Amino acid sequence: MTVQDVRSFNRFYTNVIGALDYGRRLYAPYTLTESRVLYELAHAPRTDAADLRTQLHLDAGYLTRILNKFEEDGLVERGPSDTDPRRRRITLTAPGREAAALLDERARETVGAMLDTVPDKDRPRLAEAMRTVRTILGDGDGDGDGDGGRRVPRPEDVVLREPAPGDLGWIIQRNAALYAAEYGFDADYEALVARIVADYAEDHDPRQERTWIAELDGRPVGCVMCVRDDTPGAARLRLLLVEPDARGLRIGDRLVGALVDFAREAGYREVVLWTNDILGAARRIYQRHGFVLVAEKPHHSFGRDLTGQDWRLDLHATPH
């Protein structure tokens, strides 16, 4: 392989994805770089300028100009960081989330149209070729460290997004399969999850309720739901899940953090949840985010003797 081979491929691929055509419908009215900044802000709810510069390899001055423009257009807000007072936290406003969602929808439509031209028999070969390029050229890969060339995922490789078609069905299937394998839950649990998901799909207010999918290498690896509780002023956290092979990447923390931020911005007074005492990893995540155990009671459900627990987070008592 020569340098010219790589440059030729780059020219071909940028034409395929339209990266150089700033005037096309895919990005309008934003440049590709601006679109990417919106994407990162939409999928990383706790972001500051330093994080964005690192993730996108952008010049500090260039990024500042983009953020200034977004702030003037009402797409972002800047405030003090939760963890470092020297930094400024950047969050999308409601119009910013709408703009990011529109760009994401256009991108999905464009990629879907491209894939429609690829015969079914060629799609596995295309997917494998893409994985090969990422494995060989990705950070820390192919360095003879004994991992067989497999790309080791990093927390920054995970993105949080809204559900795409089929994701709600994935939530039901993976909850049922994982809880059966790890805790011995029977089909009653799958029925419960199916009712929760069906209620959300049939009738939810996007201003007050939301679902997040954690995605790694193009596949869902985690999820959580925020829905209105029967108690006025309360949001309920439901169906937090992280795939076993994606644990250790702080996905659960990010999902719960995104939900808490959303609940606070939506005007809820508190977030409540119900879980069982055997779910130790999930309980530790809730505790890190300030949830407090308020009640517990033994019960027999899903084919098991369990101890149910009610947890509560007072949003007025936690730092913004």
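Predicted model: local features only at pLDDT ≥ 70, side-chain atom pairs only at ≥ 80, totals over all residues.

Colleague: How many disulfides does a search of the whole structure find?

Modeller: Zero disulfides turn up. In general, a disulfide is a covalent bond between the sulfur atoms of two cysteines.

Colleague: OK, back to Cys 226. Which residue is its bridge partner?

Modeller: Arg 210 is, with Cys 226 sitting in β6. Strands β5 (residues 210-216) and β6 (residues 219-228) run antiparallel and are joined by seven bridges.

Colleague: What sheet do those strands belong to, and what's the order?

Modeller: An open one of seven strands, ordered β4-β5-β6-β7-β8-β10-β9, and the pairing is mixed. At the edges stand β4 (159-161) and β9 (292-301); each has a single partner strand, so one side of each has no neighbour in the sheet. On average, neighbouring strands are turned by 25° against each other, ignoring direction.

Colleague: Which helix packs on the sheet, and which strands does it touch?

Modeller: That's α10 (residues 280-288), which touches β7 (234-242), β8 (270-276) and β10 (304-314). The direction of α10 makes about 160° with that of β8.

Colleague: New topic: α8. What span should its 16 residues have?

Modeller: Helix α8 covers residues 187-202, and at 1.5 Å a residue it should span 22 Å. Its end C-alpha atoms are 22 Å apart, so that agrees.

Colleague: Which residues of α8 are buried?

Modeller: Tyr 189, Val 193, Ile 196, Val 197 and Tyr 200. Looking down the axis of α8, the buried residues fall within an arc of 90°, so they line one face of the helix.

Colleague: Why would residues a few places apart point the same way?

Modeller: Because an α-helix has 3.6 residues a turn, residues three or four places apart point the same way.

Colleague: What covers the buried residues of α8?

Modeller: The cover includes α7 (167-183), β5, β6 and β7. On the face of α8 turned away from the buried side you'll find the exposed residues Ala 187, Arg 195, Asp 199 and Glu 202.

Colleague: Last one, zooming out: how many helices and strands does the chain have, and what share of its residues is buried?

Modeller: Ten helices and ten strands, with 40% of the 320 residues buried.

Definitions and conventions:
Residues numbered from 1 in each chain as written. Heavy atoms only, no water. Pairing = 2+ DSSP bridges. Helix = DSSP H or I, 4+ residues; strand = E, 2+ residues; numbered from the N terminus. Axes fitted to C-alpha atoms, helices over the stretch in contact; angles between N-to-C directions. Contact = heavy atoms within 4.5 Å. Disulfide = S-S within 2.5 Å. Expected span 1.5 Å × (residues − 1). Buried < 20%, exposed > 50% of the residue type's maximum accessible area, 1.4 Å probe, protein only. Arc of directions from axis to C-beta.
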